[in-house]
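User: I would like to learn how to read a few features of a two-chain model. Please take them one at a time.

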Amino acid sequence: MTVSTLLTAEPIAADAELAGFIASARGAGAVVSFTGIARPQDHHGGHVQQLLLEHYPGMTERSLDTIAAATVERFEISSLHIVHRYGAIDPGETIVFVAAAATHRREAFRAADHAMDLLKTEAMFWKREAGVDGARWIEPSERDRADRERWDQQWPE
Amino acid sequence: MPQVTILFFGSIGELFGGQRQIEIPPDCSVGDLRRILAEEHKGIAAATIRAAVGQQVAEEDTLIGPGDEVAFFSPVSGG
C-alpha cells in the first residue's frame, strides 16, 4: 500500500502526476484519476479572475492525510495519491489531483470518488473567488454535502 | 492572565483579521472565548464557525491553556 499526499503552492501538472502514479502503481489492473480545475465562471456566470485558497499550515496537511487514510481503509486499493494546491490559482489551473490504483476498476473509481467528496467538505481550505465585482467566499454546497453523506449510508456491495 | 494566539480562517477572518493575541481568564473554554469575541462581532457565535485548540478540532467545553494556539474557522471546502 502506497499513500501519498502533497500540499503545494506550485502549479500542479496533472499529466505528469498521473504518469508518475501509473509508473509507481506497477501490478495494479486499474488506475482512476480525477483532476479538479479552477473554472473561469462562477455559479452566476460571472467572470472569475482568480481563486484564492486559504489554508491552515499543519492542520491542512493533516486533513489531507486523514482523508487519504479513511479512503484506503474503506476500499481495496493498492495506492492512493492526493495533490492539493493552495494560494492564488488562475482559471484553468489544477486545484486538486486524486489518483487511486486497484486490482479491479470498481474499487479505484469508488476510492477516487470518496476521496473527492471528503476533500470538498472536510479538507481544511477556505476558498474565495475574486472577480470584477469583488471577492466572495465559497462554502460547500448542499450538493457537496449530499455527495459526502452518501458514504455514511450502507451501500450494497 | 494567560495569553493565547487566536487565528481566524475563511469569512470570519474578514471580521477579526487573520491573527491576534489576547489575554484570557483562567479556566477559559472555547465557548467562553467565543462569548468574549462575540462582544466584538456576533458572527463568531454562529454554530457553523468551528474551533481548534493546538491544531486539534475542539468542542465548546475544550479548555484553553496558556500559550495555546486557538483557531476559529468558517465552513471548509477544498477540491
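**Strands, helices and loops**

Analyst: Strand β7 (residues 125-131) of chain A is joined to β8(A) by 5 bridges, and the two run antiparallel. Strands (E, at least two residues) and helices (H or I, at least four) are DSSP runs numbered from the N terminus, and two strands pair if DSSP finds at least two bridges between them. Ala130(A) has Ala135(A) in β8(A) as its bridge partner. This is a predicted model: local features need pLDDT of at least 70, side-chain atom pairs count only at pLDDT 80 or more, and totals for chains, interfaces and linings use all residues. Residues are numbered from 1 along each chain as its sequence is written, and chains are lettered from A and ligands numbered from 1 in the order in which they are written.

User: What is the order of the strands in the open sheet of chain A?

Analyst: The order is β5-β3-β7-β8, 4 strands with antiparallel pairing. β5 (87-89) and β8 (134-138) of chain A are at the edges with a single partner strand each, so one side of each has no neighbour in the sheet. From one strand to the next, the twist averages 25 degrees.

User: At what angle do helix α2 and helix α3 of chain A pack?

Analyst: Two packed helices are described by the angle between their axes and the distance between the axes. Axes are lines fitted to C-alpha atoms, for helices over the stretch in contact, and angles run from 0 to 180 degrees between N-to-C directions. Here α2 (residues 59-74) and α3 (residues 105-122) of chain A pack at about 150 degrees, with axes 10 Å apart. Therefore α2(A) is roughly antiparallel to α3(A), a term for angles over 145 degrees. Among the residues making the contact are Ile67(A) and Ala70(A) of α2(A) and Leu118(A) and Leu119(A) of α3(A); contact means C-beta atoms, placed from the backbone, within 7 Å.

User: How many residues of chain B are in contact with chain A?

Analyst: 12 residues of chain B are in contact with 22 residues of chain A.

User: Is Asp27(B) buried or exposed?

Analyst: A residue is buried if 20 or more other C-beta atoms lie within 10 Å of its own, exposed if 12 or fewer, and partly exposed in between. Asp27(B) counts as exposed because it has 10 C-beta neighbours inside 10 Å. Asp27(B) lies in the loop between β2 (19-23) and α2 (30-38) of chain B, and has a positive phi of about 55 degrees although it is not a glycine.

Technical notes
Contact = placed C-beta atoms within 7 Å. Parallel < 35°, antiparallel > 145°, perpendicular 65-115°, else oblique.
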